[in-house]
Amino acid sequence: MTAAHLRVDLGRLCADIDTLRARIAPAQLMCVVKNDAYAHGIEQVVAAAHAHGVRWFGAFDVPMGMRARGAAGPDARVFSWVTVSRDEIATALDNAIELGVGDARYLDEVAAVSAGRGAVVHLKIDTGLHRNGVRPEAWSAFVTRAAELENDGVLEVVGVWSHIAEASDSEDDDARAVFEAALSEAHEAGLRPAVRHLAASAASFARPEFRYDMVRVGAFCYGIRSAGGPSAAELGLVPAARLEAEVVSVGDRSVTIAAGALDGLPSSLQGRAVVGTPAGARALLVVGGTESLVASWPDAKAGDAVAIYGPGGTGEGTATDLAELVGTIGEEIAVRVSPLVPRVYAGE
Ligand SMILES: *Cc1c(COP(=O)(O)O)cnc(C)c1O
């Protein structure tokens with residue numbers, strides 16, 4: 001049986017983490033592992049990053065947070081930020097998962113569940129993205145309430161945070177001004193959050209004043225550069241994953257490879273993208289459901305490996321190169337890879 005597979009080089013992941021840590025120090029690095037670690041496999045990614053010294057992991061939801069906790073062990077800090085039910089709050093607290101709280105009612109829910117469990121929370125200000133987060137006009141009352149709960153020993157506020165668009169410097173600057181005002185108000189309310197965090201990949205790399213105590217980095221940990229942003233070489237990052245498919249049959253002008261839309265290849269790539277072959281870059285002619293056609297090369301044979309995206313060794317582009325062809329971002333190409341595509345790990 002031939003099939004597609006995703007080769008994940010955990011050594012490269014760790015090398016990218018080194019590059020990021022050197023860049024952002026003394027801020028700490030939270031490795032964001034939502035979407036099954038951007039489809040790289042959360043257990044393997046967390047275990048490798050933890051062995052490499054990473055102590056903060058960011059998981060969108062509690063189930064992903066539990067998996068991160070399981071892979072990292074007790075000495076890591078795991079942060080989960082989506083608003084969840086009381087049952088899930090309890091599960092999070094029982095597993096020492098720190099919660100993002102961006103809503104006054106939710107703060108009280110967490111407080112209610114927290115009794116005897118000592119919730120550790122990070123308060124979220126909405127700095128303009130409008131994806132949960134307390135609006136600036138409601139922030140003062142919110143932090144006053146949080147400070148009361150902290151004084152009463154109900155919970156501990158360790159963080160204040162927000163998320164920014166990273167689409168333009170001027171919008172990000174406006175967001176940071178809102179963040180600064182929120183930090184001042186939190187301070188006036190008596191809170192002393194030790195972990196202030198605002199930036200994701202792009203801003204953490206490019207803009208020192210956005211780093212505060214910690215940065216939450218997803219894409220760049222995996223070597224996925226921003227679409228339309230600095231090149232991988234400028235960043236010094238190399239993608240950790242390579243999506244490969246074997247040649248299943250050879251025709252006159254084209255070969256058939258064992259990967260298609262059901263494996264996660266956007267069909268819009270057909271006629272636009274090139275893939276990597278033993279003879280170098282070749283056009284991706286047609287994307288079918290489970291198989292696709294690639295322009296042939298001399299001596300092509302069944303079993304040859306074709307790289308759909310990767311580090312570029314055989315002529316293929318990166319996930320972000322493909323994304324740019326179809327107007328999306330590299331993360332989107334990465335997370336589309338079907339969970340049924342086997343992950344093959346190297347470089348631990
Ligand atoms: C996805 C996400 C990140 C990481 O973003 P990247 O651009 O992949 O680094 C950070 N914080 C939050 C809240 C996120 O949702």
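How many positive and how many negative side chains does the protein chain have, and how far apart do the centres of the two sets lie? Colour by charge and take a look: there are 30 positive and 45 negative side chains, and the centres of the two sets lie 2 Å apart. Keep in mind as you go that this is a predicted model.

**Stop 1: the whole chain**

Switch to the cartoon view. You'll be looking at 12 helices and 16 strands. Along its principal axes, the box filled by the C-alpha atoms is roughly 75 × 40 × 30 Å. The radius of gyration is 22 Å, which agrees with the value near 20 Å that a compact globule of 348 residues would have.

As for what's tucked away, buried residues make up 50% of the 348. Contacts tell you about the fold too: of those with a separation of 6 or more, 65% are between residues 24 or more positions apart.

**Stop 2**

The whole structure holds 23 salt bridges. Let's visit a few. Select E244 and R7 and show their side chains: they meet in a salt bridge, 2.9 Å from N to O. E244 belongs to strand β10 (residues 241–250) and R7 to strand β1 (residues 4–9), so this pair links distant parts of the chain, 237 residues apart.

R7 is partly exposed, at 38%.

Salt bridges that share partners join R7, R242, E244 and E316 into one network.

**Stop 3: a loop meets a helix**

Next, pick R117 and D94. Their side chains form a salt bridge of 2.8 Å, N to O. R117 sits in the loop between α6 (104–114) and β6 (119–124), while D94 is in helix α5 (residues 86–94), and the two are 23 residues apart. Check the surface again here: R117 is partly exposed, with a relative accessible area of 36%, whereas D94 is exposed, with 53%.

**Stop 4: one last pair**

Finally, select K301 and D304. Their closest N and O atoms are 3.0 Å apart, in another salt bridge. D304 counts as buried, at 9% relative accessibility.

Key
Residues are numbered from 1 along each chain as its sequence is written. This is a predicted model: local features need pLDDT of at least 70, side-chain atom pairs count only at pLDDT 80 or more; totals for chains, interfaces and linings use all residues. Side-chain values use heavy atoms; hydrogens and water are left out. Helices (H or I, at least four residues) and strands (E, at least two) are DSSP runs, numbered from the N terminus. The radius of gyration is taken over C-alpha atoms; the globule rule is 2.2 Å times the number of residues to the power 0.38. Buried means under 20% relative accessible area, exposed over 50%, partly exposed in between (1.4 Å probe, protein chains only). Contact means heavy atoms within 4.5 Å. Lys and Arg count as positive and Asp and Glu as negative; His and the chain ends are not counted. The place of a charge is taken as NZ of Lys, CZ of Arg, CG of Asp or CD of Glu. A salt bridge is a side-chain nitrogen of Lys or Arg within 4 Å of a carboxyl oxygen of Asp or Glu.
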